[in-house]
There are 2 protein chains.
Amino acid sequence: MLIPVILSGGAGTRLWPVSREGHPKPFMKLADGESLLGKTYRRAAALHDKNGGKPKTILTVTHRDYYFMSRDELDQRDLNGEFLLEPFSRNTAAAIALAARYAIALHEPEAVLLILPADHLILDQAAFAQAVVQAGRLAQQGYMVTFGIKPNAPETGFGYIECGQLLGGEGAGYDVARFVEKPDLETAKGYVDSGRYLWNSGMFAFQAATFLQELSRHAPEVSLSVEQCWNHLASSAKDASFIEIPADIFAHVPDISVDYAVFEKSERVAVVPGDFGWSDIGSWNAVRDLLSPDENNNRSCGDVVLIDSSNTYVQSDGRLVAALGLDNVMVIDTPDALLVAHQDKAQDVKKVVAQIKKTNHEAYRLHRTVVRPWGSYTVLEEGPHHKIKRIEVKPGASLSLQLHHHRSEHWVVVSGMAKITCDGRETLIQANESSYIHAGQQHRLENPGILPCTMIEVQCGEYLGEDDIVRFDDKYGRSTGAL
Amino acid sequence: MLIPVILSGGAGTRLWPVSREGHPKPFMKLADGESLLGKTYRRAAALHDKNGGKPKTILTVTHRDYYFMSRDELDQRDLNGEFLLEPFSRNTAAAIALAARYAIALHEPEAVLLILPADHLILDQAAFAQAVVQAGRLAQQGYMVTFGIKPNAPETGFGYIECGQLLGGEGAGYDVARFVEKPDLETAKGYVDSGRYLWNSGMFAFQAATFLQELSRHAPEVSLSVEQCWNHLASSAKDASFIEIPADIFAHVPDISVDYAVFEKSERVAVVPGDFGWSDIGSWNAVRDLLSPDENNNRSCGDVVLIDSSNTYVQSDGRLVAALGLDNVMVIDTPDALLVAHQDKAQDVKKVVAQIKKTNHEAYRLHRTVVRPWGSYTVLEEGPHHKIKRIEVKPGASLSLQLHHHRSEHWVVVSGMAKITCDGRETLIQANESSYIHAGQQHRLENPGILPCTMIEVQCGEYLGEDDIVRFDDKYGRSTGAL
């Protein structure tokens, strides 16, 4: 039994302003319109074990804030999935240990877990699937398998794995001679030339029981505290479509990577070499490289005019961007924030995020479009006494029953159908019809239809903060302090 | 009698994306919030003749499309003004000849016209006023006076004037030895070092009658065709607050600059040297230089984060702009279009405009905010079947009585008061109230109040083009094909 485990953490601050805390890197859409997480799910679902059996489920370990967005990515692809939701991030050892504990309890101890970061890109699915079959064979033999990527350049941003002896049997893998930290350029060149070193990809495969044995041997404090977390969960919780890890217990789990905690210490580690078009999309330069260059080595997407420019990357989202006389510059445009940077500074984009976070600028955290369990809203304009939003409600979805003290809301449906409850009265309104909610009125917006509903909301009032909301009832559990 | 004549033509394409055909350079606001035209009006109104007499009027020659916006700039400063409106631009000889003809007919032949381009900046008003007094004296002696700027750098973008003999009398001016075209850098350096050369500023002073005499001597075809234009105007038209030049006659006026047509040929030319902080704001680098640099020689305005950058100029309008690792780059951000350019390419911004004009992109012509005689509107969003505008109506102003065949309009007032006429019924609505205009209903929006009115309009319909409008009545003459 093969269970893909998607680790969806990490802010992706080097991919600001598209990746932000409220909408991080896994949800970033590439030029084809599909998010990295969506691609990861699709890739995982298409895998098979050595007998051709498909994964019956996909387990995602992520922050609770990303549950609905992640579930959406599964739903859009008609995939089954289970979720372990963390109250905060505690690095990869804890996340994988929880996944292993879960697999043993709800599936089987011999299940092979395939650990996949949510935000990597793999271009050659067939080669990847083949590597997974090899890794699965080794995992069933009791190996802790890591995937090593054949390096095509002396990258200094990755750790490396030195291959040891070829392992016997069917699985074409190697002993691991050693793991090495991110090297300097000279060392990296030597590694690449030697042919014995692979990039450490952060993808793994092992049986759940094997992992927990190795964890308890090499990192007993992680093992114990994760076991405590698990035992604290009510048995009813363990049957839900998602499991929330309690914050008070989880806080005691050490913050340590699975590489440090287990892989660098275990003697049962093997590496399967892979050459399947892997990228960790670690910076804007990696995103740039996915596009074809023009004759001046410029790459662009969106509404872009390039004049007398070379080696330049421009990504526009709706606006016209003109680049004139630039060389080695990147321009990343979003509706409310713009990054213009020299390409050699791609790794320093996180400095920008640190800076704007320090000044408490919202753009480190939120986009103009905010995703909610019921759909999304986009702030189109904020004035001193008015705010305009476009609200998209998914078919069958419903906002909470709520009330605002300081603002009234004018609603105009521009496509689809809305059911509006206001002080107990229900009305249906369709495109080109409007409704009005006075401050203090208890109200709810639903989409009873089978098409998406788009509504324009004009708020009027003296105070227009998102925190002026009293929730009475919410089908997503938000009124009770759950999700 | 001193009559400032403001020549307001020229697209200012080197200042795209802020300057656009529909909202050109004279209307561009500097960091202090005042437009170049507004500054020019204020500067002109503060002038005086040698006896301390103030100008009684300001005459503006501009394209008819810019009438209401220009009038607004006068009104905001409580200034009187008269307008000559061209149906299209025919260069400076024609514009000045019309102004002279107008001054003779409606004022007096001996009136001294002070010709000022609408889009120059002058920092030292006192020195400028002093130069104008000097020029006025010479003009009254029959000279055709040009203003020469003491050069502080070997600029290659300006023409130069070589000074001849100092003229006797009270006016501290010189004979003009010769006009020279834009020189190369070496030549320009020689000019600056010699101390005998001045920049040709494009500002002039002369008596109206003197100018027309010189024009008929040196450019008789311009003189004759402008005379024909003038004679074609109905006498009633000549009393209006603006005079529209008829297109069919104006089309025969030669397109030639006043320098070529008159100044380079006349023997009555004098030059008054000036050193009053003049700039023609010819490129973004000139706008940049108006701001103080930080310790890395960066300049910025708006919401800007600069990291590891130097010699960089960033101008943001509402969005967050982060510049990382840039050197010698300019970033000019507007709500719907962005320019990122190397500063050495400041003169080539016009290439960008030519390119987007070729592809018929609206951003060469219009801003998201469009100015109208009654106020302005800003397109906040366009969807397939909806469009959202913020409409600002000036106190006492009124949109035309109109009708749309394909769209309905939902109106929400968010500040001020609106009077709405719909199929003959009048209603008053205030902030946090709404109204609805169904497709096919004859309607008008007015602001009866003394505060500005801001309204959010949500349009719904199958077709949302601005050309779906039938105008029945318009206080600005737009329903009858006039302005």
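Me: Which residues does B:Leu338 touch, not counting residues up to four places away in sequence?

Reply: Contact means heavy atoms within 4.5 Å, and by that criterion B:Leu338 touches A:Arg319, A:Leu320, A:Val321, A:Ala322, A:Val331, A:Leu338, B:Trp16, B:Val331, B:Ile332 and B:Asp333. This is a predicted model, in which local features need pLDDT of at least 70 and side-chain atom pairs count only at pLDDT 80 or more, while totals for chains, interfaces and linings use all residues. Residues are numbered from 1 along each chain as its sequence is written, chains are lettered from A and ligands numbered from 1 in the order in which they are written, and side-chain values use heavy atoms, with hydrogens and water left out.

Me: Where is B:Leu338 found, and is B:Leu338 buried or exposed?

Reply: Helices (H or I, at least four residues) and strands (E, at least two) are DSSP runs, numbered from the N terminus; B:Leu338 is found in strand E18 (residues 337-342) of chain B. Buried means under 20% relative accessible area, exposed over 50%, and partly exposed in between, with a 1.4 Å probe and protein chains only; with a relative accessible area of 0%, B:Leu338 is buried. B:Leu338 and B:Pro17 are 321 residues apart in sequence, yet their C-alpha atoms are 6.8 Å apart in space.

Me: How should I read a salt bridge, and how many does a search of the whole structure find?

Reply: Side chains of opposite charge can pair when their charged atoms come close. A salt bridge is a side-chain nitrogen of Lys or Arg within 4 Å of a carboxyl oxygen of Asp or Glu, and the search finds 60 of them over all chains. One of them joins the side chains of A:Arg319 and A:Asp333, at 3.0 Å from N to O. A:Arg319 lies in the loop between strand E15 (313-315) and strand E16 (320-324) of chain A, and A:Asp333 in strand E17 (residues 329-333) of chain A, so the pair ties together parts that are 14 residues apart in sequence. A:Arg319 is buried at 6% relative accessible area, and A:Asp333 is buried at 1%.

Me: What are the accessibilities of the partners A:Glu392 and A:Arg390?

Reply: The side chains of A:Glu392 and A:Arg390 meet in a salt bridge of 2.9 Å, N to O; A:Glu392 counts as partly exposed at 25% relative accessibility, whereas A:Arg390 counts as buried at 17%. Elsewhere, a network of salt bridges links A:Asp32, A:Glu34, A:Lys39, A:Arg42, A:Glu73 and A:Arg77.

Me: How is helix packing read, and at what angle do H6(B) and H7(B) pack?

Reply: Two packed helices are described by the angle between their axes and the distance between the axes. Axes are lines fitted to C-alpha atoms, for helices over the stretch in contact, and angles run from 0 to 180 degrees between N-to-C directions. Helix H6 (residues 208-218) and helix H7 (residues 220-232) of chain B pack at about 120°, with their axes 5 Å apart. Angles under 35 degrees count as roughly parallel, over 145 as roughly antiparallel, 65 to 115 as roughly perpendicular and the rest as oblique; H6(B) and H7(B) are therefore oblique to each other. The contact is made by B:Leu215, B:Ser216, B:Arg217 and B:His218 of H6(B) and by B:Pro220, B:Val222 and B:Ser223 of H7(B).
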